[in-house]
Amino acid sequence: MASLLLVGTIVAPLVSVPILYTLGRSLREKTGYACFALLLIPLASILLAAALASGDASGSYLESYSWAPIGTFGLRADNLSIPVLFTISLLTAVIALFSVPYMQHKIGDEPERYGLYYSLYILYALGMVGTVLSTNLIQFYAFFEIMLIPSFFLIAEWGYGEREKISLMYFFWTHVGALVLLVGILVTAYLSGVTDMDVVRVFFSSNPNVVPSIVRLGVVAAMCFGFFVKMAQFGLHIWLPNAHAEAPTPISALLSPAMIGIGGYATVRIVMTIYPDMFFALSAFFAGWALVTMIYGGAMALVQDDIKRLLAYSSVSQMGYILFGLASFTQIGIAGSMFQYVSHGTAKGILFIVAGAIILQVNGERSISKLGGLASKMPVTATAAFVGFLAILGLPTTNGFFSEFFLFQGSFIRAADSATLYRLIIAILSVIATALTAGYSLWTLRRIFFGPTTEATAQAKEAPWTVTLPLIVLCVVTIFLGIYPEPILSRLVSAAKVVQGIGLL
Amino acid sequence: MIYLPWFIWISPIVGALLTPAFAVISPKLRNWAAVGFSLIAAVAATVTSLTVAAGDYQVPWIPSVSSPTKSAITAGVLVDPLSMFMANIVAWVSFLIMVYSVEYMKEDSGLTRYWFFMNLFIGNMLLLILADNLLMMLFGWEGVGLCSYALIGYWYKDEKEHWVGTPGDTALGLPQAYSPSQAGMKAFIFTRIGDIALMIAIFLIYAYAGTFNYLELATKVAGSSGWAAGLARLGLLVPTALLFFGGPIGKSAQFPLQEWLPDAMAGPTSVSALIHAATMVKAGVFLTGRMGPIFYTALVQFQQVFPFFATIAWIGAFTAFLAATQATVAREIKKVLAYSTVSQIGYMMLGLGIAGLGANFALGYTAGLFHLMSHAIFKASLFLAAGWVIHAAESRFMDEMGGLAKGMRLTAAAMLLAGLSLMGIPPLSGFWTKDAVLSASFEANQYLLYGLGIATVLLTGFYTMRMLGMTFSGKPSAHLAELEHEGSHVHEARFTMLLPYLLLAVGSLIIGIAFPLIDPPLTNYLEGTFSVLRIAIPSGAPPESGTLSITLVAISVAVALAGAALGYIRYFNKEHHQITKPGGLQGFLWNRWYVNAIYYKIFVNGSMRVANGLYQYVEKGVWDPLNYVIARNVVEYSKASRQLDERVVDQAVNDVSTEGSRLSNIMKRFQTGVTQQYVISFAIGVLLLLAYMIFVIGAS
């Protein structure tokens, strides 16, 4: 079984860390090209694994290695993880390319610092891929933390504003979240005696009454706390706007599109798979919470003047969408939510790169009120921003339409089945809340790209190919999946069927 | 042949995608290729309607969602009388407008973008008409909205000459003149509000029906296990139908979502003609026509037909009246036409609503759809002619025109013909179709609705004559005299521009003359829609659109003539003075009954205020300070143990770090003690893991 394909997605970046670090001094900003090339390895491996998985009856491709005494160190590409892995590996690769001009602008003439940036960058990519591939709870936790460390240093080193304080708060919140999650994981492991997710799941489904439900509820609450901090649900979101706005833009373009949504993925992979009944018990509450997050994030985005902060709040709102679909606890809703991870990944990836392009080309300007008329100056960037915002507001022929459509459809199916007024009202309110998204998206587009040029933008020029190529690639993916979502959606619908529970529709 | 129906909507989209490629070769090729693709669509539509059997031409799309209660989602083109009727109107009118565009837009610089969005629009419009299911329909529906947004804001640099409205005009202290980019955004958001209601309805229907396909929805609607019964059990049937109608209200600019359309006139006139008069704004009427019979069948089982169809009829009649009053005081020629479009669509909605209120469903149904056809033709003609008028007069304001007929006889004739059709003067097509709507409302015993309709006829006669008088008759305005003085003479349009609107105006006349002959077969044809859906629709009385009662005809013609006479007396052969903002009732109409301003006060300013308040008092007031307190405590704590940090950790790091390593430098930067935090918090994790290994794994 072990054909070293997926382990390569972990080992190749790991081996690359010292290589990139040494190369940095001589290659300087060009280290980014090497980093890009190296990150094509995980992307290719994952696509290959996806192809192998489609040939398999269970739709999954698994590599497992003995990891005594903890259990098995497994790496799995299956219906649930493949879309997420694809998004992460695509984003980390193209954003490595985007890092080239951006970090040249940010680092300037300090050759020794390029190596550090790219080695931390690739370590960060590794952490995310590893987290998603994990089949063991302890392994998952380890990667979950590995993902945190490099991102923390990246923000602290190359961030904007009060970057030390901001990175500290980023670290503090997500780490506290992770520790609470760890408690949940350890209690689960204690109760079941094992840590391999599959074995744990079988244990709980075949011994449903061995653990009192109040304990299971507590475990679910702990785990969800950990994941919802990552997903920045309302009340647990305060670290996010600062971190995403003040991180160096390529890192913002990974934090927001790729990393925080992993909280949603993990909620499905771990909480909903192992404790479906308890998640279902809390799902009505979660749906309401998610709705508040959607609306609150959208309202905050509406009043921001800093592009990156606006995008950060938009991400808070979008994470609300993801949790909302999961909380419907229906196949279509769960599939829609995980598809939303992909759509948000590509769309927000586009938008953060656009923000970076503007910072690069308009003398570091981030204030929307000082921008305007950029459509004629930066046509490719403007078109990409258009596509990105359309995907965020869920317009057809972007993948955002399908993901939002199905996650809302899921919540209506739940409302129809439960026949409760509460479920119906939050389902309706959630669709109404999309007006906020349309509002801030179109208004931002207009203020940045339309109207007359301003003092700041009069001399702007189109960004270099290292910026536009990533934008074009992500736009193509966005539109392709917006017309033909089946490659992603069919996997996710099958994955959602695996989540079993008394209430699943 | 099964691909031919697909060809109709795909060919303009292919044309759109190829536009940039043609642009590289030559601008001329790009322009005419774009026109060519729209012609292909029109021919394909006609050939399909003549040769292809009614049916659902499907391909797989999203099979994975299928389950015992849900069918696989397919993509398909539904060929039936309704879709063919619409597709032919849309495709041919679009083609003529594309021909007009070549000359009209020739001096513009962003033409690749123009042709791209025009063809994309035509493709999406045809897609929304031909789609066999609601999900695919939404692609077209949102697609046309997107193209509308992009084309209203075509002159996105917002130069002053492209604004719409009188500069400096305000209502309730809010500016009433819009830049193109702002008008585009406004249109998008307004229609989006309707779309939200539509989406909610679609979600609800799918939750019970498990399908989006029209034919399946029609077969699964009836009976105790049908989706209508499922919705009715929770009292959701009428609300769902009404929410569904929200989409058409937004798209077709009906009250209360009518406010976007007048400002959409900021786009090029060819765009206004195509999207905001002839085609897209009819999408709402079409969709109501598409789902109307299905909703009728759903509602009739539970005796709930009245609230739904009465709402449609009342919204239609009220909007017809509301917008017509506003047209009587407008200053810009395109705004007169825009208000008029809103008003005329109101008639169509009235017809479709009356369908469910009378004894004969088909009567109001076909009347509404026939009026859609005749309006598409005469209003396209009016807009295209107005485009030339604006160009020639170098002003969008009617008070800066006057006496133009001398320089452009044919344009004036076309506008007069189309205007007569709009007023409802026999024998033009507008007369027959509008009267069909009015007499259907009378025959359904809806006398109040009939009265509103008749009042609108009076206003229509008045504002049409006002527009024609101010533009074409009397002495040229000071503005025109100045132009003349500068040496630019008002002259007739070039042939490729003139031909489309002349053809459309003459078409309106020919259809009008032939109407008594074509009415019965066309009515029969459209009624075929019900048999394709396999649903029983009451058609108790024989279709009466052809045998109009003489009295009703006499009344409406008399009223139209009265309105026209008023307009003639007041506005023909007069001196032109600049229109300033009127007071009193006229001021009320000028300010659009203050609806626009009130919406802005409540929804735009209101939601900004709420969002700002949340930001100031919740985000900055509660969460940020909380975060700050935590941060401060963490930092304080770290400082207290900084000695440990320096002695142990830094020492250790320095010992370990080699020459090349810069990691220690990073560590040192965090003199606030982050390292300390880091180590401690990690230690907690490691200790927990160790404890787990010792006590759990070790014990087993």
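Just past helix 14 of chain A, A:Asn363 has a positive phi of about 55 degrees. This is a predicted model, so treat what follows as a tour of computed geometry.

**Helix 14 of chain A**
- Helix 14 of chain A runs over residues 331–361, which makes 31 residues.
- From its first C-alpha to its last, helix 14 of chain A reaches 44 Å, close to the 45 Å expected at 1.5 Å a residue.
- Helix 14 of chain A is also mostly covered, with 31 of its 31 residues buried.

**Chain A as a whole**
- Chain A has 20 helices and two strands.
- Its radius of gyration is 21 Å, close to the 23 Å from the globule rule for 505 residues, so chain A is as compact as a globular protein of that length.
- Along the principal axes, the C-alpha trace of chain A spans about 70 × 55 × 45 Å.
- Burial is counted for 69% of the 505 residues of chain A.
- Take the contacts in chain A between residues at least 6 apart in sequence: 82% of them join residues at least 24 apart.

**Where chain A meets chain B**
- Chain A puts 54 residues into the contact, and chain B puts in 53 residues.
- On the chain A side, the elements giving two or more residues are helix 4 (111–133), helix 5 (137–158), helix 6 (163–192), helix 12 (276–302), helix 17 (399–418), helix 18 (421–449) and helix 20 (486–498).
- Helix 6 of chain A supplies the largest share of that side, at 11 residues.
- Sorted by class, the side of chain A that touches chain B has 38 nonpolar, nine polar and seven charged residues.

**A helix pair in chain B**
- Helix 12 (residues 283–300) and helix 14 (residues 333–357) of chain B pack at an angle of about 10 degrees, and their axes are 10 Å apart.
- Angles under 35 degrees count as roughly parallel, so helix 12 of chain B and helix 14 of chain B are roughly parallel to each other.
- From helix 12 of chain B, the contact uses B:Val285, B:Thr288, B:Gly289, B:Gly292 and B:Tyr296.
- Facing them from helix 14 of chain B are B:Ile345, B:Met348, B:Met349, B:Leu352, B:Ala355 and B:Gly356.
- The residues of this helix 12–helix 14 contact in chain B split into seven nonpolar, four polar and no charged.

How values were computed:
Residues are numbered from 1 along each chain as its sequence is written. Chains are lettered from A and ligands numbered from 1 in the order in which they are written. This is a predicted model: local features need pLDDT of at least 70, side-chain atom pairs count only at pLDDT 80 or more; totals for chains, interfaces and linings use all residues. Two residues are in contact if their C-beta atoms, placed from the backbone, lie within 7 Å. Helices (H or I, at least four residues) and strands (E, at least two) are DSSP runs, numbered from the N terminus. Ala, Val, Leu, Ile, Met, Phe, Trp, Tyr, Cys and Pro count as nonpolar, Asp, Glu, Lys and Arg as charged, and the others, Gly among them, as polar. Axes are lines fitted to C-alpha atoms, for helices over the stretch in contact, and angles run from 0 to 180 degrees between N-to-C directions. Angles under 35 degrees count as roughly parallel, over 145 as roughly antiparallel, 65 to 115 as roughly perpendicular and the rest as oblique. The expected span of a helix is 1.5 Å times one less than its number of residues. A residue is buried if 20 or more other C-beta atoms lie within 10 Å of its own, exposed if 12 or fewer, and partly exposed in between; C-beta atoms are placed from the backbone. The radius of gyration is taken over C-alpha atoms; the globule rule is 2.2 Å times the number of residues to the power 0.38.
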